[in-house]
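Please examine the sequence and the structure shown below. The paragraphs that follow lead through one annotated site.

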Amino acid sequence: MGIPLLKGTEIDRLRLAGQAAAGTLAHIASRLTAGISTADIDAWVREDTARRGGTPSQLGYKGFPATVCTSRNQVVCHGIPRPDERLAPGDIVNVDVTTCLNGFHGDTSATFFIGEVSPEARHVVDVARRCREAGIAVVRHGAKLGDIGAAIQELAHAEGCSVVEEFGGHGIGRSMHGPPHVPHVGRKGTGITLRSGMVLTVEPMVNLGRPEIRLLPDGWTVVTADGSLSAQFEHTVLVTREGCEVLTPVCPPVV
């Protein structure tokens with residue numbers, strides 16, 4: 001597959017990119033409130049990324065028209081920010097930030113509550129966050145790629161939720177997206193063997209209802225087929241001999 005094994009100054013630069021992306025996400029989290037538009041989020045990401053010396057990796061990637069993905073309620077991923085889409089009390093919204101800094105990329109996301117939300121919304125967000133942590137917990141040198149998806153799928157199903165199968169994590173480093181593809185469903189003990197120096201994202205998309213999805217006519221926005229809520233959390237992680245290192249550690253808690 002040609003999966004890069006990073007070391008030395010490459011990892012140092014990757015840490016800085018991850019910290020920049022996580023810092024921007026924390027900045028956005030502090031400004032989220034009912035009444036703002038998702039286009040406001042896009043503008044803030046653009047400004048804060050530049051302030052940190054980086055560029056938004058997503059802007060123009062395969063034609064994507066924005067600096068950030070904003071995925072609200074039933075949107076699974078790749079929501080395009082719009083001036084006419086305003087956050088309302090009770091919404092949940094995922095903000096997905098990727099920053100390029102000194103030639104390396106850091107990728108992170110979190111799902112946030114806007115005001116008071118329903119018990120169902122709180123549940124799917126909590127499960128998605130725990131699924132990310134369950135996936136990260138099995139990452140280490142010598143583990144199998146399928147161990148990640150197995151851990152995520154087991155937890156989600158135990159909590160009455162489902163995991164989107166069509167999208168997963170990915171390798172990251174000098175390129176925003178590279179091998180390996182990281183499935184968030186699967187069987188333990190299958191897939192490639194993880195090796196120290198690999199860098200990948202763990203970013204399960206968890207649905208309150210069924211796992212099926214559909215693509216909207218804009219060619220980007222993915223929604224749940226049954227209209228149920230969806231939530232996602234993401235970290236960039238470095239595989240190490242001892243386990244793994246989270247390279248986007250400043251992701252803020254959901255409050």
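His177 is partly exposed, with a relative accessible area of 40%; buried means under 20%, exposed over 50%, and partly exposed in between, with a 1.4 Å probe and protein chains only. The structure is a predicted model, in which local features need pLDDT of at least 70, side-chain atom pairs count only at pLDDT 80 or more, and totals for chains, interfaces and linings use all residues. Residues are numbered from 1 along each chain as its sequence is written, and side-chain values use heavy atoms, with hydrogens and water left out.

In the chain, His177 lies in the loop between strand S7 (169-171) and strand S8 (178-182). Strands (E, at least two residues) are DSSP runs, numbered from the N terminus. Leaving aside residues up to four places away in sequence, His177 touches Tyr61, His170 and Gly171, where contact means heavy atoms within 4.5 Å. The side chains of His177 and His170 also make a polar contact (3.3 Å), that is, a pair of N or O atoms within 3.5 Å, one able to donate a hydrogen and the other to accept it; residues adjacent in sequence count only if both atoms are side-chain atoms.

An unreviewed UniProt entry lists His78 and His177 under "binding site"; such annotations may be inferred rather than shown by experiment. These residues span 100 residues in sequence, yet no two of their C-alpha atoms are more than 14.5 Å apart, so they gather at one spot.

His78 is found in the loop between strand S3 (75-77) and strand S4 (92-101). His78 is partly exposed, with a relative accessible area of 23%. Beyond four places in sequence, the residues that His78 touches include Phe64, Phe167 and Trp220.

Technical notes
Helix = DSSP H or I, 4+ residues; strand = E, 2+ residues; numbered from the N terminus.
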